[in-house]
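Dear colleague,

I am passing on the structure below, together with some notes on what turned up when I went through it. Please read the notes with the coordinates open beside you.

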Amino acid sequence: MLAVSGGKRQGGKAGKRQGGKRQRGRERDMAAAARDYAGLGWPCSPGAHPSAVGDRACSCDRIGCPDPAAHPVAATWAMQASVDPEVLNRWWSERPDANIILPTGRVFDVFDVPAAAGVMALARIAREGLPVGPVAAMGDDRYLFFVATRGAPVDEDEWWSCHLDCFPETVTETPGMRWHCRDSYVVAPPSVLPYGREVTWVRPPDGSPLPDPLRLLEVLSDSCEAV
């Protein structure tokens, strides 16, 4: 389990040695996870992380960050995202505390729902024998269902972008289901969030084909309405 950065520091040389070990361990964990995603063909880019400075929740310089530790470091994240192991190793060597950002609408889309709705949906999916792909949890707040991407359909009326009603950083203002597709992103395990929360896999990816989003849409919509 990864510890949120910014915890109490121990003084003296012992504290420095332990801090160095934690930093190297964090770098290895995050870099290894990013390489694993790259092996699946999933591009990654570095994300913000919980702040170790004062009472700020996010490492970015934005006062009152609306989505602390759950957004990209760079405004150019969409162009920057890479599957090159050398690039990933360099990024996490330079930023060992950085979370992992996965762009959506390329290899996969993501349904982002309240955690209670996600638990309910998984139970129904199991009962009905429906296909389901990777599922991640953002602490106790949200569940992320990874599905096949719809990319950029010829008929844009058939494409429901997250940008039609919210941006990723405003999801707390619109707590129902979000469909992250083109021009959006999600935070991936083993990223850490403020206040001791973590992004973890409920169902980790195994390289299997991702499910059709429309087959899960009804189940997730019903679950969101029920909670």
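Read along the sequence, the chain of this predicted model follows the pattern α-β-α-α-β-β-α-β-β-β-β-β-α, which amounts to five helices and eight strands. Of its 227 residues, 47% are buried, and the chain exposes about 11,700 Å², with carbon and sulfur atoms supplying 52% of that area. Among contacts between residues at least 6 apart in sequence, 77% join residues at least 24 apart.

The largest nonpolar core has 31 residues, and those with the most contacts inside it are Tyr-37, Cys-44, Trp-92, Ile-100, Leu-102 and Phe-146. The elements that give two or more residues to this core include helix 1, helix 3 (85-94), strand 2 (99-103) and strand 5 (142-148), and the largest share, six residues, comes from helix 1. Apart from this core lies another, of 19 residues, among them Val-147, Met-177, Leu-216 and Leu-220.

Tyr-37, leaving aside residues up to four places away in sequence, touches Trp-42, Cys-44, Ile-100, Leu-102, Ala-188, Pro-189 and Trp-201.

Ala-31 may also be worth a look: this residue lies in helix 1 (residues 12-39), and it counts as buried because its relative accessible area is 5%, where the cut-off is under 20%. With residues up to four places away again not counted, Ala-31 touches Asn-89 and Trp-92, while its C-alpha atom is separated by 9.9 Å from that of Asn-99, 68 residues apart along the chain.

With kind regards

Notes:
Residues are numbered from 1 along each chain as its sequence is written. This is a predicted model: local features need pLDDT of at least 70, side-chain atom pairs count only at pLDDT 80 or more; totals for chains, interfaces and linings use all residues. Side-chain values use heavy atoms; hydrogens and water are left out. Helices (H or I, at least four residues) and strands (E, at least two) are DSSP runs, numbered from the N terminus. Buried means under 20% relative accessible area, exposed over 50%, partly exposed in between (1.4 Å probe, protein chains only). Contact means heavy atoms within 4.5 Å. Accessible areas come from the Shrake-Rupley method with a 1.4 Å probe; for residues, only the protein chains shown count as cover. A nonpolar core is a set of buried Ala, Val, Leu, Ile, Met, Phe, Trp, Tyr and Cys residues joined through side-chain atoms within 4.5 Å.
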